[in-house]
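Hi everyone, thanks for coming.

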Number of protein chains: 2
Amino acid sequence: MTDGMTDEIFEEGITETIVTTLSAAGVPNAAPMGVIKRGESLFIRMYPGSRTYANVKETGHLVANIVTDPVLFVTTAFEDLENSYYLPQQDMPPVIKDAYAWAYFKADVQGTVKLSTVCSKILKTRVPRFSRGFASVIDATITGTRLSILGQPGKSRILDDDILVRKCGTPRDIEAMDRLKKLLGLSA
Amino acid sequence: MTDGMTDEIFEEGITETIVTTLSAAGVPNAAPMGVIKRGESLFIRMYPGSRTYANVKETGHLVANIVTDPVLFVTTAFEDLENSYYLPQQDMPPVIKDAYAWAYFKADVQGTVKLSTVCSKILKTRVPRFSRGFASVIDATITGTRLSILGQPGKSRILDDDILVRKCGTPRDIEAMDRLKKLLGLSA
């Protein structure tokens with residue numbers, strides 16, 4: 001189920017977000033995840049081993065944040081996010097400080113995680129500039145999380161992405177890519 | 001040289017735009033091109049054989065449009081754009097009808113095409129939703145324009161992009177990819 005505002009945030013297909021959750025004990029977590037929209041259904045395919053999955057099972061809720069900082073995607077894919085990036089909220093998980101928009105969902109684990117909107121907020125908007133630099137950081141990050149399965153072709157793909165990031169990216173994209181390569185042991 | 005508003009539209013690195021130009025005789029043309037920003041310099045690397053390059057040599061000006069419709073990127077890469085997509089302007093090339101923003105540049109051909117802002121306009125903004133579907137259409141379009149050089153590895157890349165578009169894209173992304181494959185003779 002979606003309301004009017006989540007329709008402005010999520011479109012048919014997959015929107016790349018950073019999902020924030022709380023454990024039952026109240027410890028925040030952030031991880032990059034695609035929110036899938038098929039008709040009126042919103043859902044996420046989660047790795048059952050992830051912290052996000054455990055938190056959703058414990059609390060039944062999550063927040064999907066729209067952010068544009070490539071370093072946040074790399075960091076949350078592999079490391080704990082520093083507390084300073086979270087903006088605490090009343091009775092829901094924290095949102096990411098610089099998010100353009102967020103949606104707070106009731107999340108039901110049924111194979112996939114089905115999402116029902118509780119509330120959502122658009123905080124700011126911008127000219128939708130597209131850069132292959134940012135796109136390549138996201139591609140490399142997703143490839144990086146699957147590197148143990150993908151092996152050498154995965155590494156080659158990340159190094160191809162690296163070339164595009166250096167050609168097309170912002171300084172922040174290049175910083176994100178450098179951090180990713182370091183985390184994956186792919187730095188020169 | 002940039003002014004304050006072009007700084008909001010273009011960031012360091014490459015921003016993918018659709019460039020509109022007029023021939024000396026006043027015939028409009030549109031083509032997808034990356035606007036490169038390095039420090040305070042804005043420029044475009046153009047194929048000397050392109051219609052855009054000829055028009056810039058004839059008139060010394062171009063408009064870079066920020067658009068989000070993937071079909072427009074595919075179409076303008078390979079075909080003439082229907083007149084209904086152009087919004088005529090006084091004393092400058094037409095802009096693309098659904099552009100979020102555009103910048104009108106004086107364009108000096110000196111190896112690369114150096115851009116100096118005449119004026120620019122932000123018409124609308126949005127939540128900067130990122131989808132690998134749109135990104136893969138752009139990647140496949142750029143690969144498609146170089147297919148005669150890239151050969152089979154280029155075709156493989158486009159078919160990998162096709163898989164991502166079907167998994168992550170909007171219906172419009174899928175329509176754009178289908179059109180691209182048809183134009184390149186890669187349809188099943």
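**Two domains, two chains**

Let's begin inside chain A, where the C-alpha centres of domain 1 and domain 2 lie 22 Å apart. Please keep in mind throughout that this is a predicted model. The domain assignment of chain A puts domain 1 at residues 4-122 and domain 2 at 132-183.

How do the two domains of chain A touch? Nine residues of domain 1 are in contact with 13 residues of domain 2. On the domain 1 side, helix α3 (residues 70-78) of chain A gives the largest share, six residues. By class, that side of domain 1 has seven nonpolar and two charged residues, with no polar ones.

Now for what the record has to say. UniProt, in an unreviewed entry, places the feature "domain: DUF447" on chain A at residues 15-122 and 131-182. Let me take those two stretches in turn. Over residues 15-122 of chain A, the chain is 55% strand and 17% helix, and the end C-alpha atoms are 15 Å apart. Over residues 131-182 of chain A, we have 92% helix and 0% strand, with the end C-alpha atoms 23 Å apart.

Next, please bring chain B into view. How many residues of chain A are in contact with chain B? The count is 31 residues of chain A, in contact with 31 residues of chain B. The elements that give two or more residues to the chain A side are α1 (4-9), β1 (13-22), α4 (132-145), α5 (147-168) and α6 (171-183) of chain A. Of these, α4(A) brings the largest share, five residues. By class, the chain A side has 13 nonpolar, eight polar and 10 charged residues.

What about symmetry? Chain A can be laid on chain B by a turn of 180° and a shift of 0.0 Å along the axis, with an RMSD of 0.0 Å. The two copies are therefore related as by a two-fold rotation axis. The copies also meet through the same surface, because 100% of the interface residues of chain A are interface residues in chain B too.

Let's zoom in on a helix of chain B. Which residues of α2 (residues 51-59) of chain B are buried? They are B:T52, B:N55 and B:V56. Looking down the axis of α2(B), the buried residues fall within an arc of 100°, so they line one face of the helix. As for what covers the buried residues of α2(B), this includes β1 (13-22), β2 (28-38), β4 (61-66), β7 (101-110) and β8 (112-122) of chain B. Just after α2(B) comes B:G60, which takes a positive phi of about 75°.

One last stop, and this one concerns backbone angles. Most residues other than glycine have a negative phi. With that in mind, have a look at A:D91: its phi is near 55°, a positive value in a residue other than glycine. Where is A:D91 placed? You'll find A:D91 in the loop between β5 (86-89) and β6 (92-96) of chain A. Is A:D91 buried or exposed? A:D91 counts as exposed, because it has 7 C-beta neighbours inside 10 Å, and the cut-off for exposed is 12 or fewer.

Over in chain B, B:D91 has a phi near 55°, and B:D91 sits in the loop between β5 (86-89) and β6 (92-96) of chain B. B:D91 is exposed, with 7 other C-beta atoms within 10 Å.

Methods: Residues are numbered from 1 along each chain as its sequence is written. Chains are lettered from A and ligands numbered from 1 in the order in which they are written. This is a predicted model: local features need pLDDT of at least 70, side-chain atom pairs count only at pLDDT 80 or more; totals for chains, interfaces and linings use all residues. UniProt positions are given in the numbering used here, feature names are shortened, and annotations may be inferred rather than shown by experiment. Helices (H or I, at least four residues) and strands (E, at least two) are DSSP runs, numbered from the N terminus. Two residues are in contact if their C-beta atoms, placed from the backbone, lie within 7 Å. Ala, Val, Leu, Ile, Met, Phe, Trp, Tyr, Cys and Pro count as nonpolar, Asp, Glu, Lys and Arg as charged, and the others, Gly among them, as polar. Copies are superposed by least squares on the C-alpha atoms of residues with pLDDT of at least 70 in both. A residue is buried if 20 or more other C-beta atoms lie within 10 Å of its own, exposed if 12 or fewer, and partly exposed in between; C-beta atoms are placed from the backbone. The arc is that of the directions from the helix axis to the C-beta atoms. Domain bounds come from an automatic or database domain assignment.
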